[in-house]
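Hi there,

Here is the structure I promised to pass on to you. Have a look at it first, and then read my notes below.

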Amino acid sequence: MGIIPQIIANSIIAGAIYALVALGFNLIYRATNFFNLAHGAVSVVGGYTVFGLYRLLGLPLWIAIICGVLGSGLVGYILEKILFLPLRKRKSSQMVLIVASLGAFTIIQAVIAIIFSSQFQTLFDSSMETKLYQIGGGIITQVQLIILIAALLIMGTLAWIKERTMFGKMVSAISDDAVVARIVGINTNKLIGRVFFIGSAIAGFAGIMIGFDTGLEPTMGMSLLMKGVIAAIVGGVGNIYGGVLGAFLLGFAENFGVWQVSGEWKDAIAFAILIFFLIFRPKGILGKK
Amino acid sequence: MNKITKIVLAVGVVVLAVVGGYTVYNKQGGSGEQGIIIGSVLPLTGDLAAYGEGSRNAAIMAIEDAGMKERVRFIVEDDKGCDPVLGVGAVQKLITIDKVSAIYGPLCSSEALSVLPITEAAGIPVVLSGASSKTLTGAGNYVFRTIASDSVRAYAVANYAYVKGFRKAAFVFDNSQDAIIQGKNDAQETFVGAGGESVSEESFGGKDVDFKAQLSKIKSSGADVVFVGAFPKTVALIIKQAREMKMSTQFISFDASVDVKEFFAIGGSNVEGVIAPAMVKPNTEEAKSFETRYKARFGVDATMYAAEGYDAMMLLLKAIKTEGVRGDQIKAGLLKIGNNYQGASGIITFNSMGDVEKPAVVKVVNNGVFEEVK
């Protein structure tokens, strides 16, 4: 059996993980027009909530996962209400918001490390057999398959919400022009709060899935965030399909790059793609829609 | 606030800072006259916390056993998983502010290599119990270690692999750690020297968690054995991901550090049959007594490197007792006492470069524990 089917499978798995991070990130960017760097840490919150409830307290897995997703959503919502909303009301610049989100990122990461220690933890039970699936010559685990299906489902749902619901249209309106949206009677702050909740909940789900696939570390948020941001920029910031497209492109570039060059070039390849797009196509492949 | 108030306030703050700083500095520096101050840099949190904790405990036990609890002030700084940057900062603080006479640790070779220029310039002796890269041999005039260089263990597993009939080896390793890179080179040279072939070589950065691309390449290279070197959790992740890709190839860690709880917690049944080298546990009264007393004192089994740490601290204290606290006195003392010394980790004889020679064994995972192969 050739090596290519497995590399394609690896690329798709990596792409699906990046897509989950990029989806929530893009959703929040769409409504607020700023880079929420705290998104990476919010994702880790989800993973560690499940770790605490499922591995330490022994609650049923499904309850732990629901709590993890909702917990991340809640952290995102609270950040918006106590940090970003007051700053926006004060007409703070984008720069201030980004720095504030970086501060929030650092605080959340530190709190997680204090509660759970900075040791590497896993959500999976290592004594259990992992289910493997063979798809076209490449092998993929059950968790990875769930990640892939979830990423596509969430993308589909978000696209449906955007096109078919009042909520989606209002978010688009805020994204185009927040002032006009407010004039026509949209309660922008309430809406942005909800967007933060949904986007952060998706990030939390990503963190949980990564905890099952590889494992958790308090500091893993930054690299997750970076890959999510690169995916978003490559595909088109604020664009739902764009984020997913960018994520898979990044996954393929990294894995084929490592195959052809060498493992230590992985991050260099990812950031070279970012720089290329920033210079030659700053709007990303699809642009913001 | 008018201008004068501002100036008065500013002057007040500066005066307070200077006075406060001076008092603190004096207080910490001053106690050097009465007691012996020994500094240490260990991974108390992060990936290697288990080893850091064990090394600290062993040092504390040595201080107590030497009856020097009242005279020795032992200061331990956390390098959060062998971070060389934190290590350098901590060592600078230990030397300039705490005015230590000697340093115990660091545990990792890369960190040890980055702090040595500072300790050498200050003439402060360093005793190492876990840093085992061969690069450290002869790296300074004041460096001593109670652990043998990695080479001996890398040779042991590479030879074992060849004898067992493996002929095509792949190497996958963390290229951010000096000891691992050296270990990889040693294992590779030995395996190829014996007549084997090195068919694939893959590296990655220290923070990576996805190794599927490297493993895919190794899988297609036709290797019948994979030598792996990284932090224990990373080795476990690599093997887990390999098994998830239906790779049933024999995995061999060329570094001894994998024999730790988290390796099995992450690896589970995937790491059954994995081979790794180990230090020989000496079958002596000293070694057995250390293990029982360690367990009685701390309630847990002694970790790997703990016996080496106990010996390092004990030799250091004996050297200080007999010769004095100056760097050159400690060095003379260590060379004098570290000669056919019966320690908890075996017989210690420092050569002129501060190194020891100790044998290695090969172990294999059987039902979740490393057992010596016959």
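In which crossing, left-handed or right-handed, does H3(B) pass H4(B)? The crossing is right-handed, a word used when the near helix is turned clockwise from the far one by less than a right angle, while anticlockwise counts as left-handed.

Before going on, some housekeeping. This is a predicted model, in which local features need pLDDT of at least 70 and side-chain atom pairs count only at pLDDT 80 or more, while totals for chains, interfaces and linings use all residues. Residues are numbered from 1 along each chain as its sequence is written, and chains are lettered from A and ligands numbered from 1 in the order in which they are written. Helices (H or I, at least four residues) and strands (E, at least two) are DSSP runs, numbered from the N terminus.

Back to that pair in chain B. Helix H3 (residues 84-96) packs against H4(B) with axes 8 Å apart and an angle of about 25°. Axes here are lines fitted to C-alpha atoms, for helices over the stretch in contact, and angles run from 0 to 180 degrees between N-to-C directions. The angle makes H3(B) roughly parallel to H4(B) (under 35 degrees is roughly parallel, over 145 roughly antiparallel, 65 to 115 roughly perpendicular, and the rest oblique). Among the residues that meet are Val88(B) and Val91(B) from H3(B), and Val115(B) and Ile118(B) from H4(B). Contact means that C-beta atoms, placed from the backbone, lie within 7 Å.

Cys108(B) is buried, because 32 other C-beta atoms lie within 10 Å (20 or more means buried, 12 or fewer exposed, in between partly exposed, with C-beta atoms placed from the backbone). Leaving aside neighbours within four places in sequence, Cys108(B) is in contact with Cys82(B), Ala131(B), Gln177(B) and Ala179(B).

Now turn to chain A. The axes of H5 (residues 142-164) and H8 (residues 188-213) come within 10 Å and cross at roughly 165°. That makes H5(A) roughly antiparallel to H8(A). The crossing of these two helices, H5(A) and H8(A), is left-handed.

Lastly, how do the chains meet? The contact takes 30 residues from chain B and 25 residues from chain A. On the chain B side, H7(B) gives the largest share, 6 residues.

Happy exploring!

Definitions and conventions
Two residues are in contact if their C-beta atoms, placed from the backbone, lie within 7 Å.
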